Each structure stands twice: as C-alpha cells, then as structure tokens.
Amino acid sequence: MRIGVITFPGTLDDVDAIRAVRYAGAEPVALWHGDHDLAGVDAVVVPGGFSYGDYLRAGAIASLAPIMTEVKAAAAGGMPVLGICNGFQILCEAGLLPGALVRNAGLHFLCRDQRLRVESTDTAWTGAATAGQEIVVPLKSGEGRFVADAETVARLEGEGRVVFRYLGGNPNGALADIAGVASADGRVVGLMPHPEHAIDPLTGPSDDGLVLFTSVLGAAVGS
Amino acid sequence: MARVVVDVMPKPEILDVQGQAVTRALGRIGVAGVAEVRQGKHFELDVDDSVDDETLHRIAGELLANPVIEDWVVRRTSETVQP
C-alpha cells in the first residue's frame, strides 16, 4: 500500500509521518503542496506544522493549496485521509471534517504526553484498535480547541464520529473533550495529538500511535 | 480603485480567549469599567470596479472568515485609491 504524506511550506512533521507509514509496513510517498497529482497513492496523511505560517487562520491557506483539490476529490471517492494537528485544522478548513480549531482555552501552547480514548473503531484509521482503548501520544498545539455548533456536536456524538477523546482532564477546552473526529463515511479522520510521534518507545512515550497507520492497511480504497 | 473593508469577528457564542486576556490586562494599566473586549480582524482591500458585491462576499466567506466560528461585515468606503 502506498500512502502519500503532503508537505506544505511550514510543515514540520512530514518526516515523522513518513517514518510512521514505513514502520506500519506501507510505502510512503512524499507529496508537494503545489502538485495537482496524488501520484496514485491509496491513502493520504496531512501532517502537522505551521502550513504557510498559519497566516490568516491555522490551516486556512493550506486548505486552498493545489493538492487539496485532489485530496478533496479523492476523499469524496472514499480514499482514507488522516489529518494530524495542523493537518486536522487544514481538513476542517477544507470542509472535509466538521467544526473548527481555535485558540486553547488557557491561551498557552501545550506540549505534553496526552492520554486519549479511542471512541470509535469504525473508521479507516482506527479499525485495528479496540473500542475504548487508551493510548498515550504527544500533544503540541496552541490552537487545538475543537468547536462546532451544538447541532453538529450532537450529530457527531449520535453518529459515533467522535473518534478520540481526551482523558485525564481537558487540555485545551475542546467541546465534549473531543480530540479527533471522522467524516460521515469514516474515511477521513482528524485529531490534534500526534500519533506519528509515538511509534517507537525509543523516540516517543509509547508505540501507541502506530495503530492508526496499521489500521489503514486494512482499509483499501473504495472498500 | 475603491477601498473595501471587511471586519471579521468571532461569533458571540465562541469563547474569545484573546479578548478575555485583553480585558484582564486593562486592569493592569489602571482602567476600570470595561466589561468585555472581543478581538477580531480588519481587512482592507483595494479593488477595481469589476469586483462586485457578490465577489466580495465570496472573498469574505470563503477565505477571510471561517463561517463555523466567525461572522463578517463587508463595507465599501467612499475612499478611492490611486492604482
């Protein structure tokens, strides 16, 4: 399986995402923000960082990059897409995921190991996890507070589209402790914490994050 | 060229933590009586006559503001700008 990892100007975590893809047993493919071509990949990771300097709003400019036209079309056709941190912000700005990410309630940039609960295994990126599984992965963000209108949150909860929830206290004021959500078809997932930084205990707090990248191996395009 | 102003503000139901921080700082410079500050963004666009109101609202709604969390107002000023 070939998994594309997009680099925008200001992306920081593309190399770790590529490494995570390789650890999971897939072939990573580097994609460039200015490209109009997904190079025939089977899934896409939109990694973290500060795309285009996060000018205007986090992820707003990147959501309009040429390659995002291709990502939106591929997602509509069922291709698995994972957005991590800035990637989550980009997917929300692009309309691929509901809601928005705004400044942390405490105004501080947070950098810590964060416990999460996997709330849904019915997505392309969590199929190999167990429901209710607790994982520990790094969280590092200043604009990580998930917000949406009440109707949207009720729909996400009702449809089982809250994929990850913060445990051990809400770090940023996110509504309903939401750390990650999925699209209606479960193919597109976004989360603020960084599973790609927790794939090997040598370099992270755990290898708990690897399960996202192994999950997608079993979620072929269009299945 | 005419000048157009777009003001973008967080929706009332969105907790504006930046505005709250400013409100708290007012006390530190000795100002009392300001109940609330909300912080938004102010854009100035110099546009030629071919840019109609529909396009301006598209610019505001698709790029300058995020309709999930922000409201916006588009205003044409009487100011003319030399190109």
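How do strand 1 and strand 3 of chain B pair, and over how many bridges? In this predicted model, local features need pLDDT of at least 70, side-chain atom pairs count only at pLDDT 80 or more, and totals for chains, interfaces and linings use all residues. Residues are numbered from 1 along each chain as written, chains are lettered from A in the order written, and side-chain values use heavy atoms, leaving out hydrogens and water.

Strand 1 (residues 2-10) of chain B runs antiparallel to strand 3 of chain B over eight bridges; strands here are DSSP runs (E, at least two residues) and helices are H or I runs of at least four, and pairing takes at least two DSSP bridges.

In strand 3 of chain B, Glu70(B) sits opposite Pro10(B). Glu70(B) also reaches over to chain A, where its side chain forms a salt bridge with Arg57(A) (3.8 Å, N to O); the term covers a Lys or Arg side-chain nitrogen within 4 Å of an Asp or Glu carboxyl oxygen. One salt bridge is the count between the two chains.

As for the rest of the interface, 13 residues of chain A touch 15 of chain B.

Notes. Contact means heavy atoms within 4.5 Å.
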